[in-house]
Structures are given as C-alpha cells and as structure tokens.
Amino acid sequence: MTELDELQDRWEAAVEAELPSAIGLRHRVHADPRASGDEEDTARVLVEALGAGEEVQVAKTGRAVFFPGTGPGPAVALRTELDALPVTERTGVPWASETPLMHACGHDVHMAALVATCRAAAVVGVPRPILALLQPREETSPSGALDIVDSGVLTEYGVDAVIGAHVQPRLAAGVVSAVPGPVNASTDEFDVIVRGQGGHAGYPHLLRDPVLALSQIVVSLQQLASRRVDPVFGAVCSVGRIEAGRTANVVPNEASLSGSLRLMRAEDRDLALEGLAEIVHGTAKAHGCRAELEISPCEPVLHNDAGLTRRAHRRLVRAGAGVDTDFRSFGADDFAHYCGMTRGLMMFVGLGDTAGAPSLHDELFLPPDTAVGQVASALISGYLAAVEG
C-alpha cells in the first residue's frame with residue numbers, strides 16, 4: 001500500500017465522520033436557495049462551515065478559500081456551485097424551499113460534499129494545498145467560472161488542476177463517470193425576431209405572415225444537426241421560447257423565438273453558426289419577411305484532462321465505485337473555462353438511472369443524502385489523481 005493509498009483511506013474515513021454535519025448543511029442551503037448573482041449569503045454559510053482557511057472574494061458573490069498542504073507543490077482547486085434555479089419545488093420534504101427558487105441541479109449536494117472534503121482534509125493532512133472554489137453564477141451568464149479565471153486567483157494560488165463532481169440521474173447509483181476528452185457541449189444562445197405584415201387572418205394573401213415563417217425556421221433548424229455537423233460528434237439545436245400575437249383572428253406583425261445551439265467540437269462552431277444564420281434569414285426571406293438574429297456565446301466544450309481521468313479512474317475503483325467511461329452529455333457547464341486554463345476533471349456521480357425518475361432541473365429532483373458522501377469521495381479521487389500526476 002502506497003502513502004497515497006493510506007491517505008485515501010484515512011481521508012475517506014474522516015469524511016464519514018463529517019457526513020452528519022454535512023447533510024445538515026445540505027438541508028440548510030437547500031431550504032434557503034439564492035439566485036445566480038445573489039449568492040453572498042450562501043457563500044458566507046459555507047465559509048463558516050469550512051471553519052478555517054484563507055478567504056478571498058471572487059466573482060462578486062463567491063469565495064475562494066485556501067487550505068495549505070503539508071508539503072510543497074502547486075495547489076489543487078475543488079469547485080462547487082452556489083446558485084439555485086427559478087423552479088418552484090414540489091418534493092414535499094421538510095427542508096424544501098418555500099420560495100420560487102430551488103436547488104434542482106444538485107448544487108446543495110455539491111456544496112455539502114466540498115465542505116466535508118475540505119474539513120476532513122484539514123484533519124488528516126494532505127500533501128498539496130487545496131483551493132476551495134465557492135463559485136457563483138453557474139446557471140446563467142455572465143459565467144462565474146470565467147470571472148474566476150479572468151481574476152487571476154488560480155494563478156495567484158498556484159493552481160495546476162481543478163476538480164469537480166456533479167450528480168447525474170442518468171447514471172446508476174454507485175457509478176461515477178470519468179471520461180477523457182469532451183464530456184459537456186459548448187453552448188451558444190440565440191434570439192430571432194421575424195418581421196412581416198400582419199392583418200386579418202381571413203386574408204392571408206394580403207399578408208406576410210411572420211408566424212408561418214418562424215414556424216418553418218424552428219423546423220428547418222433541425223437540419224443543423226442532421227445535415228451540417230458530422231453525426232459521429234453530433235449537435236443539438238433546441239428552441240425553448242416562441243412568442244407571437246395575442247388573438248386567434250389577427251396575424252401579428254412580428255414573431256420571435258429563443259434557443260440554443262450545442263456542439264461537442266469547437267471546430268464545428270463556425271460552420272454551425274453560419275448555417276443557423278442562413279436558415280434564419282433565408283427562410284424569413286422566402287416567406288416575404290425579414291429576420292433579426294442575435295447570438296450570445298456562452299460556454300466552450302468541457303474537455304477532461306486525459307492523465308487526470310486515467311489516474312482518477314484507479315482511485316475511484318479503489319474507493320469502491322463503479323466507473324463509467326462512456327457517459328457524455330449535451331448539457332453545458334462553465335467548469336469548461338477552468339479546463340481551458342489548466343488541467344481539469346469533471347466527474348458525474350450516479351443517482352440511479354430509473355424510468356420516470358425526475359431529471360436535472362425538475363421540480364421533483366431530489367438526490368438522496370447519501371450522494372453527499374459519494375460526491376466527496378469523487379473529489380478525493382480527483383485530488384489524489386492531480387497529486388499523482
């Protein structure tokens with residue numbers, strides 16, 4: 001047994017001792033969620049729970065907390081998200097949120113796991129420093145991760161790897177996904193306004209119908225995935241908002257939509273965005289209308305470091321987890337910005353892939369409390385993988 005094997009065992013045992021208070025912390029932050037950009041109170045609660053470390057403010061409402069190691073070497077950053085979603089909770093648990101906000105993406109679990117991991121690390125002593133990143137604004141733009149990268153705090157504290165773990169209901173319980181290369185898609189959001197000539201619905205030949213044009217745009221945008229991008233790598237173009245008119249017998253002068261384009265390869269982005277613009281403007285013109293298109297870049301592709309992933313795999317197996325090496329998602333995470341600066345590893349912790357189970361962002365989504373320990377174990381494996389490499 002190596003020294004790091006011994007450390008892993010002692011650290012896991014120390015986390016077990018922290019779990020009762022960590023689960024209490026999970027319930028506390030779950031019951032009192034904060035929106036993106038308003039996470040100051042949540043950050044303060046976590047700093048108090050960590051109980052030690054050098055604290056600096058990051059990304060306006062976040063914190064970075066530094067824990068020294070027992071020896072020299074670059075720091076390893078462990079990241080959690082702070083923000084909740086604008087979802088009204090219907091889980092019915094005693095510690096459910098009673099506001100129009102909800103931790104429906106597992107961030108409450110991630111926060112509690114990070115606190116348990118860092119508190120246990122302080123007990124057992126770890127060789128390399130830990131920078132606990134309490135990151136705001138993961139769910140919305142502007143990205144909290146990008147702000148942290150741009151602030152220089154990772155360089156200031158000598159970070160050479162960033163580790164994250166996210167609960168995932170599409171994986172079986174007891175399984176952790178650690179996959180090298182791209183694991184989350186890039187995202188670009190877009191808004192379209194189609195302007196035509198409205199009027200009486202009974203005289204369509206006198207009009208230039210923007211609703212018809214917009215409807216055709218929605219359908220034609222699906223060609224981006226099927227005809228513009230290599231299907232081996234894939235693309236997803238989804239429209240989440242459509243708005244037009246107020247009554248049945250009046251064709252409006254304009255109609256609008258909002259959507260997102262997701263890709264797994266950076267090199268596909270320019271071609272896909274060019275195709276998106278061609279479809280929007282060309283379709284509107286074919287219907288005698290004109291279109292306005294606004295594109296908002298969001299997150300890049302999230303690339304896991306191959307060396308970190310390989311070494312974390314071994315550590316996860318040693319901790320008793322089943323390891324998935326195939327899972328990728330067209331979801332997006334601004335953790336990708338850390339991976340663009342230094343070595344990064346995002347793991348996905350399974351909750352139980354059962355038919356009909358609530359998905360991420362659902363009003364009924366509620367990971368079990370046991371997930372706190374499983375996420376903490378994944379963070380330990382990621383840290384040790386960084387130290388070994």
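A: Between domain 1 and domain 2 the count of salt bridges is zero, a salt bridge being a side-chain nitrogen of Lys or Arg within 4 Å of a carboxyl oxygen of Asp or Glu. The model is predicted, so local features need pLDDT of at least 70 and side-chain atom pairs count only at pLDDT 80 or more, while totals for chains, interfaces and linings use all residues. Residues are numbered from 1 along each chain as its sequence is written, and side-chain values use heavy atoms, with hydrogens and water left out.

Domain 1 covers 3-183 + 301-388 and domain 2 covers 186-298, bounds that come from an automatic or database domain assignment. The C-alpha centres of domain 1 and domain 2 are 36 Å apart. Their contact (heavy atoms within 4.5 Å) takes 10 residues from domain 1 and 12 residues from domain 2. Together the two domains bury about 760 Å², 70% of it on carbon and sulfur atoms; buried area is the accessible area (1.4 Å probe) that two parts lose on being put together, summed over both. On the domain 1 side, Val-301, Phe-330 and Ala-332 supply 72% of the area buried against domain 2, more than any other three residues.

The polar count across this boundary is one residue pair in polar contact, with both residues at pLDDT 80 or more. A polar contact is a pair of N or O atoms within 3.5 Å; within protein, one must be able to donate a hydrogen and the other to accept it, and residues adjacent in sequence count only if both atoms are side-chain atoms.

The structure as a whole holds 30 salt bridges. In one of these, Asp-369 pairs with Arg-26, and their closest N and O atoms are 2.7 Å apart. Asp-369 lies in the loop between strand 16 (343-350) and helix 11 (370-388), and Arg-26 lies in helix 1 (residues 3-31), so the pair ties together parts that are 343 residues apart in sequence. Helices (H or I, at least four residues) and strands (E, at least two) are DSSP runs, numbered from the N terminus. Arg-26 is buried at 0% relative accessible area, whereas Asp-369 is partly exposed at 24%; buried means under 20% relative accessible area, exposed over 50%, and partly exposed in between (1.4 Å probe, protein chains only).

Another salt bridge joins the side chains of Asp-333 and Arg-79 at 2.7 Å, N to O. Asp-333 sits in the loop between strand 15 (322-324) and helix 10 (336-339) and Arg-79 in strand 3 (residues 75-81), so this pair links distant parts of the chain, 254 residues apart. Asp-333 is buried at 3% relative accessibility, and Arg-79 is buried at 3%.

Arg-63 forms a salt bridge with Glu-40, with 2.4 Å between the closest N and O atoms. Arg-63 is in strand 2 and Glu-40 in helix 2 (residues 40-50), so parts 23 residues apart in sequence are tied together. Here Arg-63 is buried at 9% relative accessibility, and Glu-40 is partly exposed at 23%. Both residues belong to a network of salt bridges that links Asp-32, Arg-34, Glu-40, Asp-41, Arg-44, Glu-55 and Arg-63.
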